[in-house]
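Please read the model below with its sequence at hand.

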There are 2 protein chains.
Amino acid sequence: MHAFDVLGDPVRRRVLELLSTGEQTSGTITETIREEFGITQPAVSQHLRVLREAGFATVRPEGARRLYAVNADPLRDVDDWLNHFRAFWTPHLDALETEIARGRRQRRLHDERSSP
Amino acid sequence: MHAFDVLGDPVRRRVLELLSTGEQTSGTITETIREEFGITQPAVSQHLRVLREAGFATVRPEGARRLYAVNADPLRDVDDWLNHFRAFWTPHLDALETEIARGRRQRRLHDERSSP
DNA sequence: GGCTTATATAAGCGCTTCCTGATACGATCG
DNA sequence: CGATCGTATCAGGAAGCGCTTATATAAGCC
């Protein structure tokens, strides 16, 4: 499943937002989503599965609980895809800014190559 | 239809990539997509409709042809949503870079307010 | 005007997605 | 150990999406 398909669902986007501030238990996520969207626990669990399998989230068991955390890699892919269009909203991307962006991208590629 | 739903389809993402380098005729878009994805002209036309209606593309008639162009506004929204997660891949977002980003965002908000 | 080209719309169908209710399963606690 | 808690999985159904074929509409050309 492609990154954008995963992000196509509002519940999954919201879960990622919740996780953006730190680890959360499946239970607390479920409770928040249940309040906001009115869906059941299995529904939330299935969304968590999609996020896991698409690499947007990682899980860590702690006793009976499961602690979910964001994995930002696929989100970086989305960010990279947007590079095709950044010129449209930053027409005067000046030299300094370009250099920062270029350096960051390079660093990232380097990191990926050196960490299997 | 939400921005991410629109981007969930690979054909539509590809169309936007094609348009990122400038205006294109419905016909040339259709031809490229037909080669790459093996779908028919009506299928492409329906995708163009989705892009139009979701505000990702604008059309301009020129005789019998229709010239499509990117409208980047919804893509900026996507970019903004990613701000929730930028800290994950730029942990040492330094002061200068932060300032650039902040300034850009502010400029954008200002632009929106002053252009009805 | 009639034919062709360029593009959009309509109708219908198969597939996927997301949901619910029921259930499984491991951890915890008495 | 049995009951309960926390979470995941399964089966099935409704709705939506994307595709195709057929058709409409408007422009260009003879």
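**Sheets, chain contacts and DNA surroundings**

Chain A has an open sheet of three strands in the order β1-β3-β2, and the pairing is antiparallel. At its edges stand β1 (24-25) and β2 (57-62) of chain A, each of which pairs on one side only. Helices and strands here are DSSP runs numbered from the N terminus, with at least four residues of H or I for a helix and at least two of E for a strand. Two strands count as paired if DSSP finds at least two bridges between them.

This is a predicted model, in which local features need pLDDT of at least 70 and side-chain atom pairs count only at pLDDT 80 or more, while totals for chains, interfaces and linings use all residues. Residues are numbered from 1 along each chain as its sequence is written, and chains are lettered from A and ligands numbered from 1 in the order in which they are written.

The pairings in chain A can be followed strand by strand. β1(A) and β3(A) are joined by two bridges in the antiparallel sense, and A:T25 stands opposite A:L67 in β3(A). Between β2(A) and β3 (residues 65-70) of chain A there are six bridges, again antiparallel. Among the partners, A:T58 is bridged to A:A69 and A:V59 to A:Y68. The hairpin of β2(A) and β3(A) has two residues between the strands, and A:G63 takes a positive phi near 65° there. Strands of a sheet pair through backbone hydrogen bonds, either parallel or antiparallel.

Chain B also has an open sheet of three strands, with the order β1-β3-β2 and antiparallel pairing. β1 and β2 of chain B stand at the edges with a single partner strand each, so one side of each is left without a neighbour in the sheet. Two bridges join β1 (residues 24-25) of chain B to β3(B), where B:T25 is opposite B:L67. β2 (residues 57-62) of chain B is joined to β3(B) by six bridges, and the bridge partner of B:P61 is B:R66. In the hairpin of β2(B) and β3(B), with two residues between the strands, B:G63 has a positive phi near 65°.

How are the two chains related?

The classes take Ala, Val, Leu, Ile, Met, Phe, Trp, Tyr, Cys and Pro as nonpolar, Asp, Glu, Lys and Arg as charged, and the others, Gly among them, as polar. Of the interface residues of chain A, 96% are also interface residues in chain B, so the copies meet through the same surface.

Not counting residues up to four places away in sequence, B:V15 touches B:I29, B:I33, B:H47, B:L48 and B:L51.

The DNA remains. 26 residues surround DNA strand C, and the closest are A:T40, A:P42, A:G63, B:G27 and B:P42; a residue is near a strand if its C-beta atom, placed from the backbone, lies within 6 Å of it. At least two residues of this surface come from each of α4 (41-53) of chain A and α3 (26-37), α4 (41-53) and β3 (65-70) of chain B. α4(B) has the largest share, six residues. The surface near DNA strand C divides into 10 nonpolar, 11 polar and five charged residues.

Around DNA strand D there are 25 residues, the closest being A:G27, A:P42, B:T40, B:P42 and B:G63. Here α3 (26-37), α4 and β3 of chain A and α4 of chain B each supply at least two residues. α4(A) gives the most to the surface near DNA strand D, with six residues. That surface has 10 nonpolar, 11 polar and four charged residues.

Definitions and conventions:
Two residues are in contact if their C-beta atoms, placed from the backbone, lie within 7 Å.
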